[in-house]
Amino acid sequence: MTTPPGGPTRILIADDQEDVRSGFRLILGSQPDMTVVGEAADGLAAVDLARTLRPDLVLADIRMPGVDGLEVTRRLAGPGVPDPMRVLVVTTFDHDDYVRTALRDGACGFLLKRSGPGLLIEGVRAAMAGDMLISPQITVRLLRNLAPAPVASAPPSPLTAREQEIARLVAEGLTNAEIGEKLFITAGTAKTHISNVQAKLRVRNRVGIAAWSWENGLAGPVPRQ
């Protein structure tokens, strides 16, 4: 990917673990369209640095000294903030309350650290494009209690048969790479299909695709583990 006309995406990393910050810096710094402009080991420092450096995006862990990542998100991106920033939560902790609070207070995505470098890069680019990316594992769990709507009188699907299959796999929590492997297509082709599905369904992200799949009976209940 080429560097955007306005320069690479400027990123601030907020995490109390030095090895995590180092790993994120290496992953993001390897992309021509991204650069790390600062690091913070606690929430208060993250807020101060963000307001000073004005990065394009803040990566925030949940549990940090001082104030946690949820409070960092609220202070930088929450309702009433006059100059909100993009905050992408990247954490080990995927409790439902954390996810709901972060998204309510303006987070532009919620990723699990175990999701891997590919999804981290994808999450940054999605945030900069005005989209929202949530780790597939979280998407599945958030939809467990969503009951499918009756489909007897449902209008015809706007999706092709292949796109319906893509939507079903998204609802099952598969990544682009996993969808590609299952359907014998490349991850890039899977991503293109997902973009087309989002456009046809007029939803902003994978959660919207998954919800549509459940409501239209394409995806069955997800067993609890």
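Hi everyone. Two strands count as paired if DSSP finds at least two bridges between them. Keep that in mind as we look at this chain, which is a predicted model.

Let's begin with the strands. Strand 4, residues 86–91, and strand 5 pair in the parallel sense, over 3 bridges. Which residue in strand 5 is the bridge partner of valine 90? That would be leucine 111. Strand 5 covers residues 109–112, and its side chains split by direction: Gly109 and Leu111 point one way, while Phe110 and Leu112 point the other way. All of these residues are buried.

Next, please find leucine 76, which sits in helix 3, residues 69–77. Is leucine 76 buried or exposed? Its relative accessible area is 2%, and buried means under 20%, so leucine 76 is buried. Leaving aside residues up to four places away in sequence, leucine 76 touches a list of residues that includes Val47, Ala50, Val58, Met85 and Val87. Arg51 and Asp83 are also among its contacts. As for valine 47, it is 29 residues from leucine 76 along the chain, yet their C-alpha atoms are separated by 7.0 Å.

Last stop: a pair of helices. Helix 9, residues 187–201, packs against helix 10, residues 206–215, at an angle of about 70°, and their axes are 10 Å apart. The two helices are therefore roughly perpendicular to each other. Helix 9 passes helix 10 in a left-handed crossing. From helix 9, Ile194, Val197, Gln198 and Leu201 meet Arg206, Ile209 and Trp212 of helix 10. The residues of this contact comprise 5 nonpolar, 1 polar and 1 charged.

Key:
Residues are numbered from 1 along each chain as its sequence is written. This is a predicted model: local features need pLDDT of at least 70, side-chain atom pairs count only at pLDDT 80 or more; totals for chains, interfaces and linings use all residues. Side-chain values use heavy atoms; hydrogens and water are left out. Axes are lines fitted to C-alpha atoms, for helices over the stretch in contact, and angles run from 0 to 180 degrees between N-to-C directions. Helices (H or I, at least four residues) and strands (E, at least two) are DSSP runs, numbered from the N terminus. Angles under 35 degrees count as roughly parallel, over 145 as roughly antiparallel, 65 to 115 as roughly perpendicular and the rest as oblique. A crossing is left-handed if the near helix is turned anticlockwise from the far one by less than a right angle, and right-handed if clockwise. Contact means heavy atoms within 4.5 Å. Ala, Val, Leu, Ile, Met, Phe, Trp, Tyr, Cys and Pro count as nonpolar, Asp, Glu, Lys and Arg as charged, and the others, Gly among them, as polar. Buried means under 20% relative accessible area, exposed over 50%, partly exposed in between (1.4 Å probe, protein chains only).
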